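My notes follow in the order in which I looked things up.

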Amino acid sequence: MTTVLEAERRQADRRRRWGRIGLYAMAIGAAFLAAFPFLWSTITMFKQDQDLYTKANNPFWFTDPPTFEHVAYLFTNTEFVTFVVNTLTVGAAVVVITLALSLPAAYSLARLAGRWGERMGIAIFLVYLIPPTLLFIPMSRVVASLGLHESLWSLILVYPTITIPISVWLLMGFFKGIPRDIEEQAMVDGYTRAGAVIRTIIPLVFPGIVAVVVFAFTLSAHEFIYALSFISATSQKTISVGVPTALIRGDVFFWQSLQAAAIIVALPIALLFNLFLDRFISGFTMGAVKG
Amino acid sequence: MSDEAVTGLGTAKALGPKRSLLDSERFLAIGGMTPAVLYILVLVAFPFVLAVLLAFSDVTVGDPSLDLVGLDSFRQVMADPVFWQSLRNTFVFTIISNALVVIFATALALILTKDFKGKWIVRFLVLLPWTTPVSLAAVTWLWTLDSIFSPIDWVLRQLGLIESNVIWLGQPDLALASVIWVHTWRIVPLAAVIVMAGMLAIPTEIRDASDIDGAKFWRRTFEVEIPLMAPIIGVAVLFGVILTVTDMTVVYVLTRGGPTHATQVLASWAFFKGIEGGDLAQGAGTALFLLPVLIAVAAFILRFARRREIL
């Protein structure tokens, strides 16, 4: 009797151990598949020309000692820094516009508008499905007629059309997660609704606001097709368009510097996302909950 | 002026239960939504109408007057064999990539919902393809698939499988496969995150119940977890479809639509015609062919929303 139980337990243990090994193997495999080109880029950015452009050399190893020369070249001899500054400028302005418009809209939809607001929320979400690809040609006409062609202002004006719908949806979730009693109590205490919201609710949805800031910023850093259509002057380009169009000149590829640019941008954005991932997940799930 | 403001405040307080304008729910609701709705109406609805008008006109950069010419531009668009090639490629890329996304994203979501050591670094690496701006992610693949120095070629040479180089992006079939792979690679993390979000909404009692039943790992995975995940996997695929069907960045960076239009898609063709070629009418007309797909996706999402299972 005991030996049978013993054997069963041992079998279960063995199965569990193989399960763990399988899990680790799959996790490592997935990480390798996903990160492979980034791994190759990271090695490339520190390689000397002679090492990189010798076909027989092991590409995953430094046959010649690594060098910082090409990373330095990126910062001193290319317009990479300009692209970074442009991206940060556009991102910051877009974040401000997005918050200013989507906070009140999200609060109204979550709290005040009732069933009608629910429909409106879905409508706003559907706007997210009208992609830049459908609009970039007429939008380039609009931008040109406003005199914003070749200017960062064109992107600052247009990117909120991408960020507002998604931010409203996200913030709606956060507002719904807060009990109504809180601002009602503040209103009983004599505040107007606007005052009550600003004093009590905004601090509570602060995590949601941070998530929207990160989200709106990265969306505008990711955007490609509008930036490519509106701007051709190198000095006004953002990272997204500048790196693949202006750092590749004809047939001369500065491969190490080019890959350095990709890695230097990719890592901080990925770190930010990882910090806020759980918040995005809970935000979107809460947006789905009925208010 | 300040006197009036003070008395105004005084009366509001004196009246007690009667609320000021700022307490009127309807006023606040309309006031809160109007700016966002106006912004979207002006900068999405108006360009959208303009897109349709352009497609029915003969506007070029050289002749910007908006003369409506009916279906002439569409006829010209459809007379070009590259358009049909682009249409076909758009469907091929979208269908194959997203079929692969379903498999990989489900597997990835199952991995990432388990607990294990070093999960943080695995999650970081696995999300990289999605968090990196698409054009930069494509730049890393451009170098990984280089015609001479591709490290994949080096490995294949070491294994004795090839003599010199594969030339991934220079041959029609391989270029197609490369673009499909890069799309799959960049969408899987987003799809997995959406699936994970949906899995969190599945009541844990159901999973615990299947634990008590002694359901074995594979049986539990395929008979309990995956059927429960099916609707949210559907939502993830809808997002994947939108991202692939409307994307021109991957094609633009990797192949510029080449070799000889073998990887051209509707979005990139619309760009080359409308922006680089300056034929706004034909560019807008080409892009409009994406609309039926987007409407279908919107209809699916609305159905989900109405059933209120997830959205």
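**Entry 1: helix α13 of chain B.** I began with which residues of α13(B) are buried. The model is predicted, and I read every entry with that in mind. I found L280(B), A281(B), Q282(B), G283(B) and A284(B) buried, and likewise G285(B), T286(B), A287(B) and L288(B). The helix covers residues 280-288, and nine of its nine residues are buried. I noted it as mostly covered.

Entry 2: Next I looked at helix α6 of chain A, residues 132-145. Its axis and that of α13(B) come within 8 Å. I read a crossing angle of roughly 155 degrees. Angles over 145 degrees count as roughly antiparallel, and α6(A) and α13(B) are therefore roughly antiparallel to each other. The crossing is left-handed.

Which residues make this contact? From α6(A) I listed T133(A), L134(A), I137(A), P138(A) and R141(A). They meet L280(B), G283(B), A284(B) and A287(B) in α13(B). I sorted the contact by class: six residues are nonpolar, two are polar and one is charged. L280(B), G283(B), A284(B) and A287(B) also stand in my list of buried residues from Entry 1.

**Entry 3: the two chains together.** I then took the contact between the chains as a whole. How many residues of chain A are in contact with chain B? I got 77 residues of chain A, in contact with 75 residues of chain B. On the chain A side, 58 of the residues are nonpolar, 16 are polar and three are charged.

**Entry 4: chain B overall.** I counted 14 helices and zero strands in chain B. Read along the sequence, the pattern is α-α-α-α-α-α-α-α-α-α-α-α-α-α. The chain has 311 residues, and 43% of them are buried. I also checked contacts between residues at least 6 apart in sequence. Of these, 68% join residues at least 24 apart.

**Entry 5: a helix pair within chain B.** I picked α5(B), residues 119-131, and α8(B), residues 172-200. Their axes are 7 Å apart, and the angle is about 115 degrees. That makes α5(B) roughly perpendicular to α8(B). Here too I noted a left-handed crossing. V126(B), L127(B), P129(B) and W130(B) in α5(B) meet W185(B), R186(B), P189(B) and L190(B) in α8(B). I classed seven of the residues in this contact as nonpolar, no residue as polar and one as charged.

**Entry 6: the length of α11 in chain A.** Does the span of α11(A) agree or disagree with its number of residues? The helix runs over residues 206-222, which is 17 residues. At 1.5 Å a residue, α11(A) should span 24 Å. Its end C-alpha atoms are 24 Å apart, so the two agree. Among the buried residues of α11(A) I noted G208(A), A211(A), V212(A), F215(A) and A216(A). The run from F217(A), T218(A) and L219(A) to S220(A), A221(A) and H222(A) is buried as well.

Entry 7: I looked up G121(A), which lies in α5(A), residues 114-127. Is G121(A) buried or exposed? I counted 22 other C-beta atoms within 10 Å, so G121(A) is buried. Leaving aside neighbours within four places in sequence, G121(A) is in contact with L109(A) and M172(A). A110(A) is 11 residues from G121(A) along the chain, and their C-alpha atoms are separated by 8.6 Å.

My other glycine was G195(A), in α10(A), residues 193-204. G195(A) has 16 C-beta neighbours inside 10 Å, so I put it down as partly exposed. E183(A) is 12 residues away from G195(A) in sequence and 9.1 Å away in space, C-alpha to C-alpha.

**Entry 8: positive phi values.** Most residues other than glycine have a negative phi. I wrote down two residues that depart from this. E150(A) has a positive phi of about 60 degrees. E150(A) is in the loop between α6 and α7 of chain A. With 15 C-beta neighbours inside 10 Å, E150(A) counts as partly exposed. I167(B) has a positive phi near 55 degrees. I found I167(B) in the loop between α7 and α8 of chain B. I167(B) has 16 C-beta neighbours inside 10 Å and counts as partly exposed.

Technical notes: Residues numbered from 1 in each chain as written. Chains lettered and ligands numbered in written order. Predicted model: local features only at pLDDT ≥ 70, side-chain atom pairs only at ≥ 80, totals over all residues. Buried ≥ 20, exposed ≤ 12 C-beta atoms within 10 Å, placed from the backbone. Helix = DSSP H or I, 4+ residues; strand = E, 2+ residues; numbered from the N terminus. Contact = placed C-beta atoms within 7 Å. Nonpolar A, V, L, I, M, F, W, Y, C, P; charged D, E, K, R; others polar. Expected span 1.5 Å × (residues − 1). Axes fitted to C-alpha atoms, helices over the stretch in contact; angles between N-to-C directions. Parallel < 35°, antiparallel > 145°, perpendicular 65-115°, else oblique. Left-handed = near helix turned anticlockwise from the far one by under 90°.
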